[in-house]
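Visitor: I'm new to this one. Could you show me how to read a few of its features?
Guide: Happy to; let's have it on screen.

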Amino acid sequence: MTAHERPVSGPRVRLHPLVLVSGAAAAALLAWLAVDAPFVAAGVIFGLAASVLVWYRPFFLFALLLFALPFHVFAVRLMTGPLNLAPGLIDLFAYWKEGVMVLLIGVLAVRRLLGQDRFHVAAYPFDLGLLMVALIMGLYVFVGPRLNIGVYGLRNYLEPLVLFYLLRVMPVTRRELKWLIVGMLLISVIMAVFGIYQVRAWTFADLYNWGFREADGTIPTAFYTAEVERQPHLRAVATVTSPNELGLMMMVTVAICLVLLIQPHRRLWQRYTLIGIAALAGACILYTYSRSSLVGLVVMLLALAVLEIGLRNLGRAVGYILHRPGTILALVVAAVLMVVGAERVGLMARITRAINLNDPSAVGHLASYEESIPFILEHPVGIGMGMAGPRALKFANEVSIEHVESSYLQMMMEVGILATLFVLAVLLLMVWTLRRQRGRFGDPFFEAINVAAQASWLGALTAFAFLPLMQDLQLQSYLWVVAAIPLVALREAAP
């Protein structure tokens with residue numbers, strides 16, 4: 001073979017001796033950790049893999065974070081119950097989500113500084129409002145008796161917003177946004193099936209053994225109800241914190257399915273799939289026995305009708321329905337199925353007991369309002385961040401923690417009446433901003449998701465009047481992500 005016939009090889013890559021030494025040292029460290037501290041080694045390996053993934057495909061890690069969040073609480077319960085791991089290890093595991101968020105924030109910031117991401121991120125008036133909310137709540141961190149309590153409360157309120165802004169500043173395609181919605185629906189199916197299975201097949205012993213219990217070993221009263229006196233019945237909790245949170249997450253699922261279902265271009269198999277998912281989510285709502293979630297669902301459906309049809313066209317739409325016997329029959333059948341289902345699972349009995357004040361939960365709600373409203377009037381400017389609400393009860397042994405069954409009353413206790421009204425106004429401004437984007441997407445899919453986001457938020461904001469859930473990461477993250485998707489889709493449609 002002549003010199004001209006020899007194959008041409010590429011340039012050899014020569015590694016610096018320092019790189020080789022560092023790599024060998026890192027490999028030796030991981031090997032030692034794998035034997036002596038396997039969980040730390042797994043964390044290091046996960047961190048390195050996540051760093052590479054987030055640099056090249058940040059959306060993938062974001063999607064993994066979003067899809068894993070609904071299972072975080074369940075994982076902690078498994079560690080507490082069947083696995084019986086050390087409390088310190090469980091506490092360390094609980095920070096995985098914050099670690100992923102920090103990693104995403106850092107890498108996305110570096111990408112933008114290096115010019116890797118040059119797209120424009122639109123800012124809206126409600127963004128300024130949310131910034132002011134963060135500043136106000138940040139100041140109230142220093143009002144309470146303990147700084148760590150204030151920081152904890154602030155984190156609970158603002159952490160879901162991290163996902164909202166991460167998605168908005170992240171390089172992502174419209175196709176990936178659609179797959180994100182598909183993934184959220186699949187996660188909802190898993191949660192709904194598991195929640196219904198719990199109610200139908202589990203006993204109180206199963207609930208206890210799987211870690212659905214307090215630190216003192218008792219099962220939370222929110223996890224069961226009574227259809228009649230002295231006959232406790234389990235409520236669907238699935239993988240999240242509470243039945244009420246599960247119910248509102250299922251409400252978001254129903255909203256997404258309905259707006260996609262009514263689109264005329266849907267194929268038959270898509271329609272059947274969406275109907276099946278919506279029916280499963282609706283059944284799960286009934287099995288949560290959550291009256292507030294049912295109220296949120298009704299408000300969401302009414303908002304969906306108004307937003308989809310428009311106030312000016314409501315009269316014409318009603319006339320159209322009245323002249324369509326098939327449509328009337330479908331609506332009547334759906335309503336009857338909902339009422340019959342609520343009766344069969346016992347939700348109607350619980351509602352009746354609440355109206356008659358024979359339900360301990362309803363009595364407890366009213367008692368909390370009777371105590372909290374005078375307290376708020378005595379402290380109209382608030383007592384400090386993190387000083388009220390169910391999540392703040394972890395500090396009950398250190399300071400006096402207030403509790404009330406309402407997100408708005410809870411927030412009034414913490415940051416005052418005016419600040420709470422300002423927060424509500426900013427959230428409504430965000431919904432109005434989504435409303436103003438109608439007709440600008442150029443894709444019926446995102447037009448539909450935009451309407452679903454508005455209706456879901458209006459339903460949730462109604463339910464928050466009776467539920468202290470504005471600090472729950474899983475629910476709030478899904479609400480904020482559904483609101484962010486239309487805004488990101490609008491950014492990707494810009495020339």
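**Rings and helices**

Guide: This is a predicted model. Start with F164: its relative accessibility is 0%, so F164 counts as buried.

Visitor: And is Y165 buried, partly exposed or exposed?
Guide: Y165 has a relative accessible area of 27%, so it is partly exposed.

Visitor: How do I read a pair of aromatic rings?
Guide: You describe it by the distance of the centres and the angle of the planes. Here the count comes to 16 aromatic pairs. Take F164 and Y165: the centres of their rings lie 4.9 Å apart and the planes are at 75°, so this pair is edge-to-face. W202 and F212 are edge-to-face too, at 5.7 Å centre to centre with 85° between the planes. That pair links distant parts of the chain, with W202 in the loop between helix 9 and helix 10, and F212 in the loop between helix 10 and strand 1. Both W202 and F212 are buried.

Visitor: Which residues do ring pairs link into a cluster?
Guide: F74, F194, W202, W210, F212 and F223.

Visitor: What describes two packed helices?
Guide: The angle between their axes and the distance between the axes. The crossing is left-handed.

Visitor: Which residues of helix 11 and helix 12 make the contact?
Guide: Among them are L246, G247 and M250 of helix 11, and R271, L274 and I275 of helix 12. By class, this contact has 14 nonpolar, three polar and one charged residues.

Key: Residues are numbered from 1 along each chain as its sequence is written. This is a predicted model: local features need pLDDT of at least 70, side-chain atom pairs count only at pLDDT 80 or more; totals for chains, interfaces and linings use all residues. Side-chain values use heavy atoms; hydrogens and water are left out. A crossing is left-handed if the near helix is turned anticlockwise from the far one by less than a right angle, and right-handed if clockwise. Helices (H or I, at least four residues) and strands (E, at least two) are DSSP runs, numbered from the N terminus. Contact means heavy atoms within 4.5 Å. Ala, Val, Leu, Ile, Met, Phe, Trp, Tyr, Cys and Pro count as nonpolar, Asp, Glu, Lys and Arg as charged, and the others, Gly among them, as polar. Rings of Phe, Tyr and Trp (its six-membered ring) pair if their centres lie within 6.5 Å; planes under 30 degrees apart count as stacked, over 60 as edge-to-face and the rest as tilted. Buried means under 20% relative accessible area, exposed over 50%, partly exposed in between (1.4 Å probe, protein chains only).
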